[in-house]
Amino acid sequence: AQSVTQLGSHVSVSEGALVLLRCNYSSSVPPYLFWYVQYPNQGLQLLLKYTSAATLVKGINGFEAEFKKSETSFHLTKPSAHMSDAAEYFCAVSPNNAGNMLTFGGGTRLMVKP
Amino acid sequence: KAGVTQTPRYLIKTRGQQVTLSCSPISGHRSVSWYQQTPGQGLQFLFEYFSETQRNKGNFPGRFSGRQFSNSRSEMNVSTLELGDSALYLCASSALARGYGGATLDGNTIYFGEGSWLTVV
């Protein structure tokens with residue numbers, strides 16, 4: 001079964017600093033990988049997705065992620081944090097060959113200090 | 001274009017009661033999925049419907065059920081509510097479902113609603 005592990009349930013950065021949120025997956029087949037963001041009292045918004053095209057994926061709001069098969073990782077980065085980036089971030093994998101079912105990691109809460 | 005709409009947004013139920021949550025997908029979307037989000041268990045997949053048929057099911061007891069109507073709207077039902085059912089229930093929709101009708105994930109985005117907050121007392 002495919003699974004996702006997010007290292008660090010809480011990450012704190014200063015405004016303007018690099019954001020790095022870690023995600024590792026386990027999969028016996030090439031995975032489809034996603035990053036979603038959840039703001040307080042809201043649903044999930046897709047930041048970006050990897051579907052076996054380019055290994056460096058650019059998303060919305062200046063975020064990007066790099067798929068590294070050798071490390072089974074899909075870490076999310078942003079060069080310069082903004083206060084509005086404070087939210088919870090979820091890495092997800094699509095475990096099945098059919099359908100849209102997603103398996104999510106435990107989430108990482110990003111805090112941005114002024 | 002309206003997003004995924006979930007109703008009600010907030011509700012409080014008593015143990016033993018049942019609840020029905022509704023999800024209206026984005027117009028034209030045929031795939032609807034449901035997820036439960038709790039502080040302890042995180043985000044867990046409940047089930048997925050495509051063209052009125054359940055395609056995938058998560059590891060939840062039979063008290064959790066769902067259905068999809070011909071207009072793609074979906075409902076989920078939880079019977080005999082327990083305190084542990086208190087959660088945010090999220091609905092997601094997408095135009096296509098990978099594997100059905102030749103769709104792939106490349107051009108298919110999954111959109112989430114804002115959720116229904118269920119509190120069981």
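In this predicted model, the largest nonpolar core comprises 27 residues, and those with the most contacts inside it are A:Trp35, A:Phe74, A:Leu76 and A:Tyr89. Two or more residues each come to this core from strands S2 (10–14), S3, S4 (33–38), S5 (44–50), S7 (64–68), S8 (73–78), S9 and S11 (108–113) of chain A. Another core, of 21 residues, lies apart from it and includes B:Val4, B:Val32, B:Phe47 and B:Tyr89.

The surroundings of A:Leu76 illustrate the packing in chain A. With neighbours within four places in sequence left aside, A:Leu76 is in contact with A:Val19, A:Leu20 and A:Leu21, among others. The contacts of A:Leu76 also include A:Trp35, A:Leu47, A:Leu48, A:Phe63, A:Glu64, A:Ala65 and A:Tyr89.

**Disulfides**

Over all chains, the structure holds two disulfides. A disulfide is a covalent bond between the sulfur atoms of two cysteines. The table lists the two links with their sulfur distances and the angles about the S-S bond.

| Disulfide | S to S distance | Angle about the S-S bond |
|---|---|---|
| A:Cys23 to A:Cys91 | 2.0 Å | -65° |
| B:Cys23 to B:Cys91 | 1.8 Å | -65° |

The link of A:Cys23 and A:Cys91 is left-handed. Because A:Cys23 belongs to strand S3 (residues 19–26) of chain A and A:Cys91 to strand S9 (residues 87–93) of chain A, the pair ties together parts that are 68 residues apart in sequence. A:Cys23 has 0% relative accessibility and counts as buried. A:Cys91 is likewise buried, at a relative accessible area of 0%.

The link of B:Cys23 and B:Cys91 is left-handed. Here B:Cys23 lies in strand S3 (residues 19–24) of chain B and B:Cys91 in strand S9 (residues 87–94) of chain B, so this pair ties together parts that are 68 residues apart in sequence. Both B:Cys23 and B:Cys91 are buried.

**A four-stranded sheet in chain B**

Strand S3 of chain B also takes part in an open sheet of four strands, arranged in the order S1-S3-S8-S7 with antiparallel pairing. At the edges stand strand S1 (5–7) and strand S7 (64–68) of chain B, each of which pairs on one side only. On average, and with direction ignored, neighbouring strands of this sheet are turned by 15° against each other.

Strand S8 (residues 74–78) of chain B is joined to S3(B) by five bridges, and the two strands run antiparallel. Across this pairing, B:Thr20 stands opposite B:Asn77 in S8(B).

B:Arg67 stands opposite B:Glu75 in S8(B). S7(B) and S8(B) form a hairpin with five residues between the strands, in which B:Ser72 takes a positive phi near 75°.

Burial is a marked feature of S8(B): five of its five residues are buried, so the strand is largely enclosed by the rest of the structure. Both of its faces are covered, with B:Ser74, B:Met76 and B:Val78 buried on one side and B:Glu75 and B:Asn77 buried on the other.

**Buried polar residues**

In chain B, B:Asn56 lies in strand S6 (residues 53–57). The relative accessible area of B:Asn56 is 12%, which means that this residue is buried, since the cut-off for burial is under 20%. The side chain of B:Asn56 makes a polar contact of 2.9 Å with the side chain of B:Glu48.

In chain A, A:Ser94 is placed in the loop between S9 and strand S10 (103–104). A:Ser94 is buried, with a relative accessible area of 3%. A polar atom of the side chain of A:Ser94 lies 3.4 Å from the backbone oxygen of A:Met101.

Terms used. Residues are numbered from 1 along each chain as its sequence is written. Chains are lettered from A and ligands numbered from 1 in the order in which they are written. This is a predicted model: local features need pLDDT of at least 70, side-chain atom pairs count only at pLDDT 80 or more; totals for chains, interfaces and linings use all residues. Side-chain values use heavy atoms; hydrogens and water are left out. A disulfide is a pair of cysteine sulfur atoms within 2.5 Å. Buried means under 20% relative accessible area, exposed over 50%, partly exposed in between (1.4 Å probe, protein chains only). A polar contact is a pair of N or O atoms within 3.5 Å; within protein, one must be able to donate a hydrogen and the other to accept it, and residues adjacent in sequence count only if both atoms are side-chain atoms. Two strands pair if DSSP finds at least two bridges between them. Axes are lines fitted to C-alpha atoms, for helices over the stretch in contact, and angles run from 0 to 180 degrees between N-to-C directions. A nonpolar core is a set of buried Ala, Val, Leu, Ile, Met, Phe, Trp, Tyr and Cys residues joined through side-chain atoms within 4.5 Å. Contact means heavy atoms within 4.5 Å.
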